[in-house]
Amino acid sequence: MPDLPILVTGGAGFIGSNLVDSLLAKGHAVRVLDDLSMGKRSNLPLDNPRLQLLVGSVADAALVSQAVAGSQAVVHLAAVASVQASVDDPVGTHQANFVGTLNVCEAMREHGVKRVLFASSAAVYGNNGDGQAVDEDTPKAPLTPYAVDKLASEQYLEFYRRQHGLEPAIFRFFNIFGPRQDPSSPYSGVISIFIQRAQQGLPITVFGDGEQTRDFFYVGDLIDLLEQALALPVAPEGAANVGLSRATSLNQLLQHIGDVVGSLPAITYGPARDGDIRHSCANNQRLLGRYRVGEPTPIAVGLAALLGK
Ligand code: NAD
Ligand code: UD1
């Protein structure tokens, strides 16, 4: 079905637009459904005749049905990606982060579309890693509405697999970074904020003592995995962690950023965010077993690429 479009929800955002570029470059037709709440038209090559943009919310069941109709597969990325935003607005974020997934499942059932990739999150483990790398069987401990919605979405996708023959490939992304991650909101990803402020010489605020850790994964490596998952003959059951299996503290991250930018501005330490996970690191053995993973990009290399160095 090479000519039917691949639907990318959230395709105008950071991860989505990187995927859209890559799919178009490989000759696929692509349809994007995005409400442009975080995503931007300027992230998309709208003059490409193989790209179609539908503007609206995944919470709108009729629009999702229209978007899914005639697609060959769905990559469901649309969500409010900020954990903190879900703490501040559980009801609002639930519409995108959970109802949106359910609408995608129903529309796929209605139109007989089978393959769906889903962007779940390391957030589902909460603090159960206890400083160690978490594998997929680690008990789940969602601490925030964002994490609850991601875990419930995963479980609904598995229900639709059993009941209606959907073929979900579920990924638990750890912290993804790279070009087009939008730094403009206080809810934005930490690397995008720190780099922009370092480049502009503006002070940086670290929430907590900076010794919290994250497993940062370069977006280019992720896009390659997503494309493999679209092409797999069988969608594997159960989620796969997407991380390097390397923990980097925010204080170490700042050192890397200082090295790449050339200097660091003033850094202040404030109270930790509510629901913030202390340590997050992926055991990525399942990922390595399922997918061809080349030499993954180390954080220093990814940061340099991000700054065009
Ligand atoms: P992003 O904010 O750049 O992309 C999300 C996109 O979804 C945006 O374009 C936004 O406009 C769109 N969107 C939001 N609500 C919508 C709605 N109701 N209807 C339609 N579109 C809507 O964030 P991202 O980092 O590219 O995240 C993509 C996906 O990956 C999200 O599901 C996020 O939860 C997940 N994820 C991201 C990370 C990460 O580190 N960036 C880690 C784990 C999971
Ligand atoms: C991120 C993703 C989330 C994903 C999760 C998976 C974003 C916005 N969030 O959440 O979608 O599911 O990874 O692990 O992409 N911080 C500061 N100062 C700042 C901003 C952040 O100290 O100005 C701190 C935060 O308190 C946190 C860390 O940096 O300790 C990372 O924050 P953030 O980039 O928002 O990501 P996560 O909450 O890990």
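Let's start with Ile-176, which is buried, at 9% relative accessible area. Buried here means under 20% relative accessible area, while exposed means over 50% and partly exposed is in between, using a 1.4 Å probe and protein chains only. Before going on, note that this is a predicted model, where local features need pLDDT of at least 70, side-chain atom pairs count only at pLDDT 80 or more, and totals for chains, interfaces and linings use all residues. Residues are numbered from 1 along each chain as its sequence is written, chains are lettered from A and ligands numbered from 1 in the order in which they are written, and side-chain values use heavy atoms, leaving out hydrogens and water.

**Around Ile-176**

You'll find Ile-176 in strand S7, residues 175-177. Strands (E, at least two residues) and helices (H or I, at least four) are DSSP runs, numbered from the N terminus. Which residues does Ile-176 touch, if we skip those up to four places away in sequence? They are Phe-14, Ile-15, Gln-181, Phe-217, Val-219 and Leu-222, where a contact means heavy atoms within 4.5 Å. Ala-123 sits 53 residues from Ile-176 in sequence, and their C-alpha atoms are 13 Å apart in space.

**Salt bridges**

A salt bridge here is a side-chain nitrogen of Lys or Arg within 4 Å of a carboxyl oxygen of Asp or Glu. The count by this rule is 12. Here are some of them:

| Pair | N to O distance |
|---|---|
| Glu-106 and Arg-109 | 2.9 Å |
| Glu-136 and Arg-286 | 4.0 Å |
| Glu-158 and Arg-161 | 2.7 Å |

Take the Arg-286 and Glu-136 pair, whose closest N and O atoms are 4.0 Å apart. This pair links distant parts of the chain, 150 residues apart: Arg-286 is in helix H9 (residues 285-290), and Glu-136 is in the loop between strand S5 (115-121) and helix H5 (145-164). Arg-286 is partly exposed at 27% relative accessible area, whereas Glu-136 is buried at 7%.

Now for the pairs within helices. Glu-106 and Arg-109 are three residues apart in helix H4 (residues 90-111), so about one helical turn separates them. Glu-106 is partly exposed at 31% relative accessibility, and Arg-109 is partly exposed at 41%. In helix H5, Glu-158 and Arg-161 are three residues apart, so they too are separated by about one helical turn. Are these two buried or exposed? Glu-158 counts as buried at 16% relative accessibility, and Arg-161 is buried at 13%.

**Around ligand 1**

Ligand 1 has 28 residues around it, and Phe-14, Asp-34, Gly-39, Leu-77 and Tyr-146 come nearest. To be near, a residue needs a heavy atom within 4 Å. Helix H1 (14-25), S5, H5 and S7 each supply at least two residues of this shell, and S5 gives the most, with three residues. The shell divides into 16 nonpolar, nine polar and three charged residues. Nonpolar covers Ala, Val, Leu, Ile, Met, Phe, Trp, Tyr, Cys and Pro; charged covers Asp, Glu, Lys and Arg; the others, Gly among them, are polar.

The backbone takes part as well. A backbone N or O atom of Ile-15 lies 2.9 Å from an oxygen atom of ligand 1, and a polar backbone atom of Met-38 is 2.9 Å from an oxygen atom of ligand 1. For Asp-35, a backbone N or O atom lies 3.2 Å from a nitrogen atom of ligand 1. On its own, ligand 1 has 810 Å² of accessible area, and the protein covers 92% of that.

Terms used. A polar contact is a pair of N or O atoms within 3.5 Å; within protein, one must be able to donate a hydrogen and the other to accept it, and residues adjacent in sequence count only if both atoms are side-chain atoms. Accessible areas come from the Shrake-Rupley method with a 1.4 Å probe; for residues, only the protein chains shown count as cover.
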